[in-house]
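Here is a short briefing on the structure shown below. It takes helix and sheet first, then cores, then aromatic pairs.

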Amino acid sequence: MPVEVVTGNHAAGHALSVAAEANREARGAACGIYPITPQTEIVEYVAKFPFTKCRVVPVESEHSAMGVSIGASLAGARAFTASSSNGLAYMVENIMVAGYYRLPIVMATVNRTLGPPWNIWADHGDTLMLRDFPWIQFYCESNQEVMDTTLLAFRIAEDHRILLPALVSLDAFILSHTQGETDLADQSQTDRYLPDLDLPHRMRHDDPKTLGGLMWPDVATSLRLEIDEAMSRVPTVLQEARAEFMEMFGRDPGDALQTLGTKDAETILVAIGSIATTAHEVVQARRDAGEKVGLIKLKMFRPFPEEALREACRTAGRVGVLDRNYAAGMGGVFWQDIRAAFQATRSDLLIQDYLTGLCGGDVTPAMIEEVLADLTTRERADRPVWMGIAA
Amino acid sequence: MVEIRIHGRGGQGGVTLAKIIATSRFLLGQSVQAFGLYAAERSGAPIQAFCRYDDEPIANRNLIYSPDHIIVLDPTLVGSAITGGLKPGGWILINTTKEPQDLAEQFPDNPVATVDATAIARANKLGTRSVPIVNTALAGAAARLLGFELTEIHDALEHLGFVGPNIAAASQAHEALRLAGDAAADAGVALEEATAPGGAVPEGAEEAGIQEESAETAAPYTIVPRGPSFLEGAGGDLPGIETGQWATEQPHRQQYIPPCNHVCPAGNDVQGFLHALAHDDPDRALEILLESSPFPAVCGRVCPAPCMASCNRIDLDGAVNVRQLERYAGDNGNAALNPVEVHDERVAVVGSGPAGLTAAYHLARYGYRVTVYESTADLGGLLRSGIPRFRLPEDVLDHEIGRILALGVEAVTEHPIDRRGLMEMAGQHDAVLVATGLQELRGLRLGIGDTPAVDQGIDFLDLVRRGRVRVDGEDVVVVGGGNTAMDAARSSLRLGANSARVVYRRTREEMPAIAEEIDEALEEGVQLDYLVQPISLQPDGSAAEGTVAESEAASAHAAGPDGAGYRLTCRRMELGEPDKSSRRRPVEIPGSDFELQCSRVILALGQSPDLSVFPEGTEVREGEELLGLLETPVFAIGDLATNDGTVAGAIGSGRRSAIHIHGALSGERTEITEHAADRRDVDVWHDDVIRPDAMRLHLFERQSGQEGASLPMTTRQSTFDEIHMGLTDPSEAKRCLSCGVCNECDLCVTYCPEGVLKRVGHQLVFDYAYCKGCGICVTECPRNVIFMSHL
Amino acid sequence: MTTDTATRTPPSPGALGEVPSIPCTEECLLRPGNTNCGGCGMSVGLTMLGRALEEAGEVCTLAIPACCGAVTAGAFPTTSYGAPVVNTTFASAAAVASGLACVRDLNEERGQVICWAGDGGTYDIGIATLSAAAERDDNILYICYDNEIYGNTGGQRSSATPPGARTTTTPTGKKEDKKDIMSILVAHGIPYAATLSIAHPVDFRRKLETAFSITGTRFLLMHSPCPTGWKSEPADSVGLVRIAVSSGLFPLYEVWNGKTYRLNVLPDWTAPAEYFKRQRRFKDYEIDLETTTRVCRERFERLAVMAERFPHEG
């Protein structure tokens, strides 16, 4: 398929659709869909797609959108949906269920500020609210990455070593509504990349088991442990899926952690989503000027790539985390986990949180310059710094 | 610290018991804990609850693994692993009817105390019948074991708002507690000391270390193996929870005697043949009837049907029309009876009425060689001569007699037997049955002497049958209240009588005639005068003495010039005290005489046995050999022996006698059952009859009974055609309630919530391993064939 | 087999009619060893549903929201259900069932997708989901076993609780009337909506067979006695709901496409004194029998008018 100029929503919708269509020789696909700005275009794209064997069920709420997808997945179909912000909050209960039922549902999530107030712009707080559920979480910085990561997510989620749902996040408007050149996967490529879904625990009349009934503490703990084991296998499966993707499509869908200059960087910024693009420009410029600055783009937040992170920060003395989210009473969510990753191993490492672009604020190169200025000069880490607003 | 573990079932109030005990300590200033182990317990499922109390603040949030004492709320839990971790010497208090000694062997290391808290809870109406709430009673009982004052438990109950019956239950259980062994009382005291805070350590307890170790026993750390994953295919097995252990009661099958079977003089399995007809199987119905009676088609026409009078359906919407259904089976069923010949013994039957023929029938079916001797030219006795064709067509009778003869029964007609003949007959047979019925006809002194104007009803009916009597234009008065009276009157009208009037000295209620026949007689124009006793008959005025000439052609009864040749003087009666037949005795009303004009008087006052065939002084009783004749046993059967007077009664007598003689001749042990109900494989067989109040009549739909069509009145009044046309289908049988006998309606199976009540073949099978004892099968059985028993 | 509903004229009340013999096999929908209370109406319903499925040669998948039925299965991996079951979130039974059903249809497979839900998951928290599935006419069979209480959580008020009933959240008796869920579903114009009583097994069976034979959203409302919540004798369960039918408290009727009606059993209008007396949830609260009967009568008359004016043919 030729490269086209499309929005991030278009890319996500296309990826979900071709993935769904790719299961037509098997048990087909289905999804429940519900509108919410700025995600709506994704489900509109899906609703228009000329599927061979896929049911798109327009439901009355996000809660039911995931409900329908859970039912479809349990019936062995490739299931997916998309949502955003308060919609995700309303969906939470069923998002959790999809994870604990080990259903390889893929959800495109457009990151939008949780309200109130009424605010439709980018903030990662909505998907981070889901961080403790058994979902794989990807954050993208471009429409192409949205496209590619969605297919990658299906591939990983449906792997029998994994069997966990995955969400693919894109920033509201910055990606969702921004046109950009995107190489949209064609159907035959997708068909080859995604094998037919074979859900081992789908509902079968010849195997009348009951899912989700009472379990005593020991049995329930055992299931939690299985999820932890599946999560721990994700990095390996990701590498396999990524390699095959490169072979099939001739481009890299991206590793869990992507770096710039971390081999020798003394100061490293960590960015997530579209901020990574801006940060990349700033860091690259600094490096071009001879500064030992580096950048880590965190693509996969769950499972948390702790090991890769430690490796990437080997030479660093200072790490600044650009958090487009705020966990009340604590600070940035990414910062918390990154700090924890170095606990006990790097007491010398200064890790400072910068709250940037919250509630859809624009993260400019100048702001990142300010961050670097602060990071490189401060003597010790402190409470998160609220960027762009008077103290 | 004292730790108590409570084992019970969901709904019994185990957690609340822990709370009551804890509250009683709390009110005394101690530190307490009370909690349950919560999951998805349902009413009846095994549960655990826990209680701790101590003088010091309690710093333990674990379950109780090593309790000091155990309280068991449900006796069915005894035997399961309830004593796990129980400290040696710790008490086990069990809610049970058993004595503690009976359980001592089961718990050698621990003293046992018992109390019937369930009975106390029920008596105080705590909880439901199947799930009584026993916690307050057990709190009272536990108080004694734990060394509490009863008032401390009362205080706790009041503090928690459990008043009234709960307080009473606690007190009663406190009183009723039973301790094991002779030293029970001492042990109780000892325990008080052992468990009372700061009390002395009793003998034995030191060894067990009740107090020393109780606070030190730490909850264990265990590593469990990995559980199953639902990603794998396996799974879906039964939970294996034997919920039958939750039950406090269990259902069982029972059977009662249906009233119809009980009262049937012929011994028919009424319920059984109705069941077959309800399933549209007249062949099977006939087969069942033929087990007891060779005359279903006859009885289905002429039986007074006491079964219908006793039918439990009367309380709902009227009796099942058993008579017509028996006729339906007799007319429409086909049953093959093959002759058998297994015995050489020859049996003579004297008389071919229903008793004689029934006996012959059964004896032939046993395989005896039977000869029936009949004094007249036709077989059937009174069935033929005494019942008019419009009630019993002769071809119906012939058909049923034919079935008897087809079994190989020989018939010798026009062979009257006198005393001498009986002796001879005895010499030629191995047994003789005399079934000559009631030959002596009761007369009435009417002060006129022997006159042809007065006939006996039985004779009159036989003349009618043979076409040898004419009554056209006559005014006929029939005296009596039985079927013969009705038959004579109705026959008279058919033959063209001007009027037919039945006079009876009591009221309709006491009339022995079948109610339906009385109704029909009235419909046809017979007049009935109750409480009237004929006194005398005189020729009418100066009218010439009546001449009676019986010619070959007809019997013409000359009347006076006006057609009414006689005056019958009658007296009015009233009912007095009941006589020995328990009917109210008619008493004359002085000065109430009046006269009836008539041309003929027919007496239908009943008959009595003619014993002249036997040696003088012979006492005749059914089933008893008349000894002293010869070596051959001679029996009197039927009306001759019973004086019963009904066809069904005669059939019953014939059947019983045949069984009896078979026993006498073969030496086999035979049993005569009064009712032939099919004994199902039930747990309890009741020898009593099920009454309407034991039926669940509200579960039946009201549905009026079927009568079948009758001939139009004009035909009835002018011909001897059978007036009833019978039922066109057997659906009336579906009205049978099958009282007290399972008819496989399977409502119990339908309603069983667990699906553990099944029908296997004709049997109901309860799966007690899973039956929770809810009792729905009992309350939903319309015919009361399931009952609950306490476990 | 005769039915007590074959004719348009409702037959007399309270009757059993003729009951067909019912096969009993080892593999049933509700298996022995389940942990439901003794005398549970839901158990009776599940057992009858299982037999109806078997008789019709049908298989099923159950979607069960939070309710007593959700814990019926027992501890995983064992199960008391003889069919595949998924426990859904409280509000989601109809949505999950829609997902299951659409994939079944995509793959042209047989089998009923059945929501087995209590009144809480139907009348209250699940009503939006149910309404949406009904509006889309998704091909599911939704059976609400209405025990008029949140039974699984220990007996709280739901919008299906009748007035006068004491629950743990209406300690002085509920004041409000029971929600008319049937009218709500009928207003969706779904192809089939009917009420079920376990005390009328022939009618029960026939309605299930009718529901099996129809495509689209089918809604069945089953009056489900709950000895624990109703504080009644377990043995009385069937008897109580029979009185509910004969007294008009729980009318038995069917509605097709939201348009045509059929009444199944004509109440005899005897005041349901026994019904209230035999449930201790009504104890201490005076139930005005006259008013109750009048309200029931008025409701039934409205239904009768519909059945008269818009009768279901065939």
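Is α6(A) largely enclosed by the rest of the structure or largely exposed? Of its 15 residues, 15 are buried, so α6(A) is largely enclosed. The model is predicted.

**Helices and sheet of chain A**
- Helix α6 of chain A covers residues 143-157. At 1.5 Å a residue, its 15 residues should span 21 Å. The end C-alpha atoms lie 21 Å apart, so the span agrees.
- Seven strands of chain A make an open sheet with mixed pairing. The order is β3-β2-β4-β5-β7-β6-β13.
- The edges are β3 (54-58) and β13 (300-302) of chain A. Each has a single partner strand, so one side of each lacks a neighbour in the sheet.
- From one strand to the next, the twist averages 20°.
- Strand β2 (residues 29-33) of chain A runs parallel to β3(A), and five bridges join the two. I33(A) stands opposite P58(A) in β3(A).
- Helix α1 (residues 8-21) of chain A lies across β2, β3, β4, β5 and β7 of chain A. Its direction is about 165° to β4(A).

**Nonpolar cores**
- The largest nonpolar core holds 132 residues. I70(A), W116(C) and F219(C) have the most contacts inside it.
- Helix α3 (residues 93-106) of chain C gives the most to this core: nine residues.
- Beyond its neighbours within four places in sequence, W116(C) has contacts that include M42(C), L46(C), L49(C), I64(C), Y145(C) and M222(C).
- Another core, of 67 residues, lies apart from the largest one. Among its members are A359(B), V370(B), I387(B) and L727(B).

**Aromatic pairs**
- Over all chains, the count is 24 aromatic pairs.
- Y101(A) and F230(B) pair edge-to-face, at 6.2 Å centre to centre and 70° between the planes. This pair crosses between chains. Y101(A) sits in the loop between α4 and β5 of chain A, and F230(B) in the loop between α9 and β8 of chain B. Both Y101(A) and F230(B) are buried.
- Y326(A) and W386(A) form a tilted pair, with 5.0 Å between centres and 55° between planes. The two residues are 60 residues apart and link distant parts of the chain. Y326(A) lies in the loop between β14 and α11 of chain A, W386(A) in strand β16.
- Y326(A) is partly exposed at 39% relative accessibility. W386(A) is also partly exposed, with a relative accessible area of 43%.
- Ring pairs join Y139(A), F301(A), F304(A) and F334(A) into a cluster.

Conventions: Residues are numbered from 1 along each chain as its sequence is written. Chains are lettered from A and ligands numbered from 1 in the order in which they are written. This is a predicted model: local features need pLDDT of at least 70, side-chain atom pairs count only at pLDDT 80 or more; totals for chains, interfaces and linings use all residues. Side-chain values use heavy atoms; hydrogens and water are left out. A nonpolar core is a set of buried Ala, Val, Leu, Ile, Met, Phe, Trp, Tyr and Cys residues joined through side-chain atoms within 4.5 Å. Buried means under 20% relative accessible area, exposed over 50%, partly exposed in between (1.4 Å probe, protein chains only). Helices (H or I, at least four residues) and strands (E, at least two) are DSSP runs, numbered from the N terminus. Contact means heavy atoms within 4.5 Å. Two strands pair if DSSP finds at least two bridges between them. Axes are lines fitted to C-alpha atoms, for helices over the stretch in contact, and angles run from 0 to 180 degrees between N-to-C directions. The expected span of a helix is 1.5 Å times one less than its number of residues. Rings of Phe, Tyr and Trp (its six-membered ring) pair if their centres lie within 6.5 Å; planes under 30 degrees apart count as stacked, over 60 as edge-to-face and the rest as tilted.
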